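Reader: I'm new to reading protein models. Could you walk me through this one, feature by feature?

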Amino acid sequence: MDKLMEFLMEQEVRENETMEVDIAGFPYPFVVRATTEAESKSIRKTCQKVTFDKKSRQKSAETDSDLYNSRLVAACCVSPNFKDAQLQAKYGVVGAEALIDAMLKPGQFIDLLLAVQEINGFSSDMDELRDEAKN
């Protein structure tokens, strides 16, 4: 057995991995959880628009990255639960993505999205992304 296989066999299967995230303007931290690649693919699939070019007879799928990011945040955010109907009613919206848009300022959303990406193993430099988003 090679070293990677040994490592994988010794590791416990991670479930319910969460972390707290301080978001400016909120007195309590948000709690986000890790997701699986299968869950991420399922979310991504709901954000794709398939088009058919009649001339070339080719299908193409395009992912709406803004919608994907909102749905990923909604799926990974344990507290607050953006899918909660009472919270949506308080803000006068229907749907988790609409609640995110109504509740968070753009910078707050970016901070939450970066935390979701971090817990899900995206390896890009988070500080660099945060700086780019603020400019």
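Author: The chain exposes about 9900 Å², and carbon and sulfur atoms supply 50% of that; accessible areas come from the Shrake-Rupley method with a 1.4 Å probe, and for residues only the protein chains shown count as cover. Keep in mind that this is a predicted model: local features need pLDDT of at least 70, side-chain atom pairs count only at pLDDT 80 or more, and totals for chains, interfaces and linings use all residues. Residues are numbered from 1 along each chain as its sequence is written, and side-chain values use heavy atoms, with hydrogens and water left out.

Reader: What share of the 135 residues counts as buried?

Author: Buried means under 20% relative accessible area, exposed means over 50%, and partly exposed is in between (1.4 Å probe, protein chains only). Here, 28% of the 135 residues count as buried.

Reader: How many helices and strands does the chain have?

Author: Both are DSSP runs numbered from the N terminus: helices are H or I with at least four residues, strands are E with at least two. This chain has 7 helices and 5 strands, and from the N terminus on they run α-β-β-α-β-β-α-β-α-α-α-α.

Reader: How do strands β3 and β4 run, and how many bridges join them?

Author: Two strands pair if DSSP finds at least two bridges between them. Strands β3 (residues 48-53) and β4 run antiparallel, joined by 6 bridges. One example is Lys-49, whose bridge partner in β4 is Glu-62. Strand β4 (residues 58-63) is hardly covered, with 0 buried residues among its 6.

Reader: What about the turn in that hairpin?

Author: There are 4 residues between the two strands, and Arg-57 takes a positive phi near 60° there, although Arg-57 is not a glycine. Arg-57 is exposed, with a relative accessible area of 66%.

Reader: Which residues does Cys-47 touch, leaving aside its neighbours within four places in sequence?

Author: Contact means heavy atoms within 4.5 Å. Cys-47, found in the loop between α2 (37-46) and β3, is in contact with Glu-62, Thr-63, Asp-64, Leu-67, Tyr-68 and Arg-71. Cys-47 and Arg-71 are 24 residues apart in sequence, yet 8.6 Å apart in space, C-alpha to C-alpha. At 3% relative accessibility, Cys-47 counts as buried.

Reader: How many disulfides does the structure hold?

Author: A disulfide is a covalent bond between the sulfur atoms of two cysteines. In a model, you look for a pair of cysteine sulfur atoms within 2.5 Å. This structure holds 0 disulfides. Take Cys-77: the nearest cysteine sulfur, that of Cys-76, is 8.6 Å away. Cys-77 is buried too, with a relative accessible area of 5%.

Reader: And the rings?

Author: Rings of Phe, Tyr and Trp (its six-membered ring) pair if their centres lie within 6.5 Å; planes under 30 degrees apart count as stacked, over 60 as edge-to-face and the rest as tilted. There is 1 aromatic pair here. The rings of Phe-26 and Phe-30 have centres 4.9 Å apart and planes at 80°, so they sit edge-to-face. Phe-26 is partly exposed at 27% relative accessible area, while Phe-30 is buried at 3%.

Reader: Where is the cis peptide bond?

Author: A cis peptide bond joins Ser-79 and Pro-80, with omega about 0°. You'll find Pro-80 in the loop between β5 (77-79) and α4 (85-91).
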